Amino acid sequence: MDRFALVLPGEPDAVRLMNTLWSDRARVRDALGEPAHLQRWVAAVRPQVRVEATDLDAFRTLREALHVVARHHLGDHAAPSAVQDALAVVNAATASAQGWSEYVLTADGLACRPTGRGTPVGRLLADLASEALDLLLAGDLEKCRAHGCAHYYTLKPHRRWCSQRCGNRVRVARHYHRRRENT
């Protein structure tokens with residue numbers, strides 16, 4: 001699990017959540033395959049939030065909904081009903097954690113803490129949902145162009161793949177193809 005826990009750690013948390021599910025030649029891989037995996041993943045992205053085994057379905061459901069919305073927005077048009085259902089999941093996540101900031105005086109001085117409805121897990125899910133949709137709407141989220149890769153990444157100049165590994169795979173395949181044509 002640990003090698004899958006932090007898939008593309010330089011990406012925003014929402015993209016990292018989306019990238020916890022992918023497939024390779026052998027099988028579908030899920031970095032949130034069991035509650036302990038979710039606990040490690042959340043500890044890596046939001047250490048102050050504690051998740052329970054019962055939270056696993058909520059993260060997986062949000063992740064799948066974000067995949068449906070992202071694929072649709074990036075041109076792989078799904079059935080409108082599937083996209084509507086996915087958006088309902090995203091909206092439910094964001095609505096369940098409405099809150100506001102409260103400023104308090106602590107022993108260390110002035111501090112800001114989130115308050116309002118929702119649990120810390122609910123606020124994390126809301127943050128992930130909002131962040132992913134904000135990236136999509138801003139045009140800053142892209143799907144890796146490497147054959148067989150299902151990861152997403154945030155756009156940066158001249159970037160076409162989610163990682164160097166995918167870029168190298170594409171270049172090696174291109175080189176192999178050219179050499180094969182020349183012989």
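Author: Leaving out residues up to four places away in sequence, threonine 20 touches Arg29, Asp30, Ala31, Leu32, Trp41 and Arg63. Bear in mind that this is a predicted model, where local features need pLDDT of at least 70, side-chain atom pairs count only at pLDDT 80 or more, and totals for chains, interfaces and linings use all residues. Residues are numbered from 1 along each chain as its sequence is written, and side-chain values use heavy atoms, with hydrogens and water left out.

Reader: What makes something a contact here?

Author: Heavy atoms within 4.5 Å.

Reader: Why is threonine 20 called buried?

Author: Buried means under 20% relative accessible area, exposed over 50%, and partly exposed in between, with a 1.4 Å probe and protein chains only. Threonine 20 has 1% relative accessibility, so it counts as buried. As for its place in the chain, threonine 20 sits in the loop between H2 and strand E1 (21-23). Helices (H or I, at least four residues) and strands (E, at least two) are DSSP runs, numbered from the N terminus.

Reader: What joins the side chains of threonine 20 and arginine 63?

Author: A polar contact of 3.0 Å. The term asks for a pair of N or O atoms within 3.5 Å; within protein, one must be able to donate a hydrogen and the other to accept it, and residues adjacent in sequence count only if both atoms are side-chain atoms. At 3.0 Å, the pair is therefore inside the cut-off.

Reader: Which residues have the most contacts inside the largest nonpolar core?

Author: Phe59 and Leu62, in a core of 34 residues. Such a core is a set of buried Ala, Val, Leu, Ile, Met, Phe, Trp, Tyr and Cys residues joined through side-chain atoms within 4.5 Å. Helices H2 (13-18), H3 (35-45), H4 (56-73), H5 (80-95) and H6 (120-138) each supply at least two of its residues. H6 gives the most, with nine.

Reader: And what is phenylalanine 59 in contact with?

Author: Beyond its neighbours within four places in sequence, phenylalanine 59 contacts residues including Leu17, Leu38, Trp41, Val121 and Leu128. Apart from this core lies another, of seven residues, among them Tyr153 and Trp161.

Reader: How many helices and strands are there, and how much of the protein counts as buried?

Author: Seven helices and six strands, with 38% of the 183 residues counting as buried.
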